[in-house]
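The sequence and structure come first.

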Amino acid sequence: MLPSLRLGLTLALRATDHGRFRALSALLVSLIGCALLVVVLSLLDAARPRSLAPGIGATDVFGMILPGIVALAIGLPVLAAAAATGRMSEQDRSRRTARLHLLGMRRRDQVLVGVGESLPPALLGAAGGLVAGALLVPWAGRALLGMSPAPSIAVVSVVVALAVPLCLIAGTAMPARRSGAGTLERARGEVARSPGLWRAVLLVVGLSMLILSWSLPGLSNPVLVVLFLGGAGLAALGSILLPALLVRRSADLLVRAGSPVSVVAGRRLQSQPAVLGRVLGALVIGVVVTTAGQGLISVLSATPVYQAGRHYRDVEAVASAFLPDQAAVADLERALEQVGGAREVAVSTDGFVVAPGSAPQEHALRAAVTTCAELRVLRPGVEGCRDDRAAWIPAAAGFDLKTPLQGTVDLFGTEYDESTGGFGDPVLRIEVSADELTRVPVPAWQDTDPAPTLFVPRELLTEEQFSQFGGVYATITASPRPDLPAELRAEGIEAHNGWTAEDFAPYQATIDTIRLLNLVVLAVGLGAFLLGTADLAMGRRAEHARLRLLGTPVGVLRRAHWLEVSLPLVVGGGAALAIGQLVAVAFVETGNRGMDPGMVTHLGAESLTGPALAVAGGAVVIAAATSIGIGAPLRPDHIRRA
């Protein structure tokens with residue numbers, strides 16, 4: 001046991017330039033991965049609810065599940081990146097261990113050699129990552145989440161973070177189980193066998209479950225949850241296994257194409273489809289997670305509170321206030337001068353509508369006394385208004401209420417008279433137009449009273465009659481700002497708009513957090529692919545020297561490298577985009593079940609823009625960075641190895 005472990009440590013300490021690059025990559029991945037997990041898990045632990053009441057609701061359950069989803073979204077790419085880093089140069093390492101196996105080295109000793117080779121950088125990186133995470137947790141809690149007091153490092157985060165060096169060591173130490181023929185094949189460096197079609201089975205099953213989750217009507221909630229979560233899990237697992245198969249089949253096509261560039265790139269891809277599949281693992285998981293995250297962003301963005309908050313901040317701020325008398329009207333005018341940016345002030349008052357000779361009851365129909373110009377501010381979805389007639393604003397679609405009164409009606413004020421036990425005498429008897437006004441579709445957050453309301457033009461009333469209705473409601477529109485009602489309240493006006501800045505803030509914070517996590521996850525995946533590709537490029541220096549000595553132009557080698565790097569990214573990244581989009585669509589469509597038509601949302605192809613640009617941009621950057629040095633002058637050591 002000790003001699004094999006000592007051999008691995010010796011290989012780590014006496015490594016070549018290529019070996020030192022692998023050690024540095026392992027150290028960086030271990031350091032960054034441990035620090036990232038410690039920070040994320042500690043912040044989630046500090047933010048989660050500490051106790052559960054007996055009457056726990058859906059919001060509390062969501063608050064418990066969401067941290068787990070976030071932890072998986074970060075943890076899976078990090079662990080996959082660690083394992084992929086451990087498997088770097090797997091082709092050279094497996095050829096070496098295969099030769100040692102033929103010479104009589106047992107499998108246990110091969111494992112110990114790999115452990116000794118990866119142990120120093122993995123443990124050094126883990127130690128540095130834990131220290132960095134412990135220092136970053138309080139700062140991140142205060143600066144990013146505004147936590148007070150500042151959170152401290154969680155024990156569970158340290159335990160989970162140690163999985164990063166373990167995955168890295170396991171990736172290095174795990175020998176492939178082969179038959180004697182397979183060992184000889186690997187020892188000679190021959191082209192590996194093509195991955196089996198079974199890799200696509202899990203993916204097909206998972207995608208089928210996702211499609212069924214939203215396409216089958218009448219599913220019960222437990223079945224729906226099983227289909228969605230099970231399908232998403234199988235699809236994510238299948239997306240990791242699939243790239244190696246797709247890359248190998250694409251490589252076969254490149255070899256058949258026959259051009260020098262395609263043959264060189266195809267032969268290289270044929271020799272290591274499994275290696276590239278492992279390197280692609282972290283990136284594929286990251287792309288699936290970030291693409292699926294667009295579904296959650298789409299759902300949150302469609303909520304009325306978020307749409308209202310965005311409208312008030314970006315288009316026009318709105319506030320409403322009740323003004324009981326002329327003094328309150330003067331106070332509002334002074335407040336608007338102090339606040340600034342006011343555009344319109346629409347005034348209206350409410351009344352009860354009853355049949356002639358009747359008294360208002362608890363559920364009597366309502367009237368809105370205002371002008372057409374002000375009605376357009378109060379009810380943006382109403383059209384057909386005229387200032388010379390009273391007409392009904394019809395009920396919203398689906399609102400079940402008796403047919404509004406027609407012909408002559410009595411209007412009462414809404415102030416209850418305690419002395420008489422009623423609403424006094426009618427303010428006005430008025431004729432209702434037979435033609436109703438019309439409603440046009442408006443966003444769900446703008447929809448006001450769904451019940452039928454009688455519009456009464458103010459011109460049909462005298463000032464004395466108008467004053468009998470009591471106080472008035474003022475709706476103020478102003479230039480965009482976060483919280484107009486709060487500004488008016490600071491000036492002594494009791495204003496509101498149905499939504500507050502406190503209502504909007506959690507939605508915006510959640511969306512911003514998802515976007516930040518998307519960037520982190522994509523960075524982890526692309527970083528792992530960059531390290532793996534750079535490792536492969538360094539391992540081919542001798543091969544490049546041999547081909548150049550045989551007269552192969554540098555341009556052919558450079559184009560073959562670009563093709564070799566970009567093809568796996570296009571194939572694996574494209575599959576991940578499609579799978580992540582299907583997961584997101586399934587999430588959105590299952591959430592549409594039973595929703596009000598105004599709240600239903602659908603995920604379009606535009607949600608793919610961000611992840612697709614990241615994959616395409618990453619492919620260009622990685623290919624360009626790893627192609628540096630292909631045309632450099634040959635060094636004597638390269639020629640000797642060739």
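The model is predicted. The protein has 22 helices and 11 strands. Of its 642 residues, 47% are buried.

**Overall**

- Among contacts in the protein with a separation of 6 or more, 82% are between residues 24 or more positions apart.

**Packing of α9 with α10**

- Helix α9 spans residues 199-215, and its axis lies 7 Å from that of α10, at an angle of about 150 degrees.
- The cut-off for roughly antiparallel is over 145 degrees, and α9 and α10 are therefore roughly antiparallel to each other.
- The crossing in which α9 passes α10 is left-handed.
- The contact of α9 with α10 holds 20 nonpolar, six polar and one charged residues.

**Packing of α10 with α11**

- Helix α10 (residues 221-257) and helix α11 (residues 260-271) have axes that come within 7 Å and cross at roughly 150 degrees.
- α10 and α11 are therefore roughly antiparallel to each other.
- α10 passes α11 in a crossing that is left-handed.
- On the α10 side, the contact is made by Val247, Arg248, Ala251, Asp252, Leu254, Val255 and Ala257.
- On the α11 side, the residues are Ser262, Val263, Ala265, Gly266, Arg267, Leu269 and Gln270.
- Sorted by class, the contact of α10 with α11 has eight nonpolar, three polar and three charged residues.

**Packing of α20 with α21**

- Helix α20 covers residues 554-591 and helix α21 covers residues 609-626; their axes come within 9 Å and cross at roughly 160 degrees.
- That angle makes α20 roughly antiparallel to α21.
- The crossing of α20 past α21 is right-handed.
- α20 contributes His561, Trp562, Val565, Leu569, Gly573 and Leu577 to the contact.
- α21 contributes Pro611, Ala612, Val615, Gly618, Ala619, Val620, Ile622, Ala623, Ala624 and Thr626.
- The contact of α20 with α21 is made up of 12 nonpolar, four polar and no charged residues.

- Ala73 belongs to helix α3, which runs over residues 58-86.
- The relative accessibility of Ala73 is 15%; buried means under 20%, so Ala73 counts as buried.
- Leaving out residues up to four places away in sequence, Ala73 touches Val289 and Val521.
- Ala73 and Asn518 are 445 residues apart along the chain, and their C-alpha atoms are separated by 8.8 Å.

- Arg379 sits in the loop between α15 (372-378) and β4 (382-383).
- With a relative accessible area of 11%, Arg379 is buried.
- Residues up to four places away in sequence aside, Arg379 touches Ile393, Arg439, Thr448, Asp449 and Thr453.
- One of these, Arg439, is 60 residues from Arg379 in sequence, and the C-alpha to C-alpha distance between Arg379 and Arg439 is 9.3 Å.

Methods
Residues numbered from 1 in each chain as written. Predicted model: local features only at pLDDT ≥ 70, side-chain atom pairs only at ≥ 80, totals over all residues. Heavy atoms only, no water. Axes fitted to C-alpha atoms, helices over the stretch in contact; angles between N-to-C directions. Helix = DSSP H or I, 4+ residues; strand = E, 2+ residues; numbered from the N terminus. Parallel < 35°, antiparallel > 145°, perpendicular 65-115°, else oblique. Left-handed = near helix turned anticlockwise from the far one by under 90°. Contact = heavy atoms within 4.5 Å. Nonpolar A, V, L, I, M, F, W, Y, C, P; charged D, E, K, R; others polar. Buried < 20%, exposed > 50% of the residue type's maximum accessible area, 1.4 Å probe, protein only.
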